[in-house]
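Trainee: Could you take one part of this model and go through it closely, then show how it sits in the rest of the chain? A plain account is enough.

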Amino acid sequence: MAKTEKQKLKLLYIMQYLMERTDEDHMVTTQDIIGYLEQCGIHAERKSIYTDIDQLMEFGLDIIRVRERPGGYYLASRQFELAELKLLVDAVQASRFITARKSGDLIRKLESLCSKEQARQLHRQVVVTDRNKAANENIYYNVDLIYNAIAQNAKIRFQYFEWSAEKEMRLRRDGSWYEVSPWALLWDNENYYLVAFDDRSSDIRHYRVDKMLKIGLMNEAREGKSRFEDLDIAGYAGKTFGMFAGEEETVTLVSDSGLTGVMIDRFGRDVALREQDDGHIRARVKVAVSRQFFGWVAGLGAAVKIEAPARVAAAYREYLLEILKQYGGGGREA
């Protein structure tokens, strides 16, 4: 690039330098800026830097000029505060559906939104975080494609896999295609799920997005609109434990009053809840009765009891007896 052409880019170089090298704890002097411009092949005089800084401030950059010696400049505010970036980095790193490689790509982009010194703080934060990540590299783009399908009112097709004991991907249905009408994406238990209308069964189904392969849009309009107009997606996730399907039931749970917060956290603040006596509460909740629901109840131990309906309580008892048989305790009466 010709020298005169680079001179035209001087303001942009100065802005980049301030964004990369300065923050509230790190400033640069006029001489630092002149030296950086020289490295970029741009000659600048001290007086012109003052004018350039004024223009950048007029443009909207929050540049603070420190007049006390040694003096200098720093960028006081940005689009994202450091605390906000730390929060976003944590969210990316904690997201199981984002692969380790894609997490690294996203975090590097987040680091570019702060100074290099602040970016080191984000990097240190990542090092101490060690969480299990997804293996499907395409999930990041799967989510985008599903949103596009919803916006375009189009069906999608995909293959669906499960893990074998050898830790290998094994296609379900012998690799045949799933064809569904996508209506919503939801986040539950650290995973992304597609909630869709299955044309074959004429029912609402959900699928782990990280287990979907070769997603493609179809030239067919979505079906199942009437089913989803009456569906509360948040409620659907709340009553489907671990996103495992089951028959929907209204279940009455009696638990120690100390579990009030647990009930509200699980079923929301609108849960039908009342005090039964000094030490217990009664909650009426809608759930998809499944082994995962029973597992959740069992995890709370003797502090919670399924009171009604009787058939669900009986099924839960059978679930517990089946587990006891694994330890030679089956068939014993409590």
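**One arginine and its surroundings**

Mentor: R170 lies in strand β4, which covers residues 169-171. The model is a predicted one, and everything below should be read that way. Once the neighbours within four places in sequence are set aside, the contacts of R170 are with Y160, F161, E162, W163 and S164. Take Y160 from that list: it is ten residues from R170 in sequence, and the two C-alpha atoms are 8.5 Å apart in space.

A pair of aromatic rings is described by two quantities, the distance of the centres and the angle of the planes. For Y160 and Y207 the ring centres are 5.6 Å apart and the planes stand at 85 degrees; an angle over 60 degrees counts as edge-to-face, so this pair belongs to that class. Y160 lies in strand β3 (residues 154-163) and Y207 in strand β7 (residues 203-208), so their pairing ties together parts of the chain that are 47 residues apart in sequence. Y207 has a relative accessibility of 6% and therefore counts as buried. The pair is part of a cluster, in which ring pairs link F158, Y160, Y178 and Y207.

Another pair gives a case with a different angle class. The rings of F294 and Y316 have centres 5.4 Å apart and planes at 45 degrees, which makes the pair tilted, because the angle falls between the limits of 30 and 60 degrees. F294 lies in helix α12 (residues 291-299) and Y316 in helix α13 (residues 310-325), so here the pair ties together parts that are 22 residues apart in sequence. F294 and Y316 are buried.

The charged end of R157 is placed over the ring of W177, at 4.0 Å from the ring centre. For R222, the charged end sits over the ring of W183, and the distance to the centre is 3.6 Å.

N153 is found in the loop between α8 (139-151) and β3. Although N153 is not a glycine, its phi is positive, at about 55 degrees. The relative accessible area of N153 is 34%, so N153 is partly exposed. R173 lies in the loop between β4 and β5 (178-188). R173 is not a glycine, yet its phi is positive, at about 55 degrees. With a relative accessible area of 31%, R173 is partly exposed.

A further backbone feature involves a proline. The peptide bond joining A308 and P309 is cis, with omega at about -5 degrees. P309 is found in the loop between β12 (304-308) and α13, the helix that holds Y316.

Two other places complete the tour. H43 lies in the loop between α3 (30-39) and α4 (46-59) and, at 45% relative accessibility, counts as partly exposed. Apart from its neighbours within four places in sequence, H43 is in contact with Q7 and E38. Q7 is 36 residues from H43 along the chain, and 7.6 Å separates their C-alpha atoms.

The other place is a helix pair. Helices α5 (residues 82-94) and α6 (residues 100-111) pack at an angle of about 175 degrees, their axes 10 Å apart. Angles over 145 degrees count as roughly antiparallel, so this is how α5 and α6 run relative to each other. On the α5 side the contact is made by L85, L88, V89, V92 and Q93, and on the α6 side by S103, L106, I107 and L110. By class, these contact residues are seven nonpolar, two polar and no charged.

As for the chain as a whole, the protein has 13 helices and twelve strands. Of its 334 residues, 41% are buried. Among contacts with a separation of 6 or more, 63% come from residues 24 or more positions apart.

Terms used:
Residues numbered from 1 in each chain as written. Predicted model: local features only at pLDDT ≥ 70, side-chain atom pairs only at ≥ 80, totals over all residues. Heavy atoms only, no water. Axes fitted to C-alpha atoms, helices over the stretch in contact; angles between N-to-C directions. Helix = DSSP H or I, 4+ residues; strand = E, 2+ residues; numbered from the N terminus. Parallel < 35°, antiparallel > 145°, perpendicular 65-115°, else oblique. Contact = heavy atoms within 4.5 Å. Nonpolar A, V, L, I, M, F, W, Y, C, P; charged D, E, K, R; others polar. Phe/Tyr/Trp six-rings, centres within 6.5 Å; stacked < 30°, edge-to-face > 60°. Buried < 20%, exposed > 50% of the residue type's maximum accessible area, 1.4 Å probe, protein only. Lys NZ or Arg CZ within 6 Å of the ring centre and 35° of its normal.
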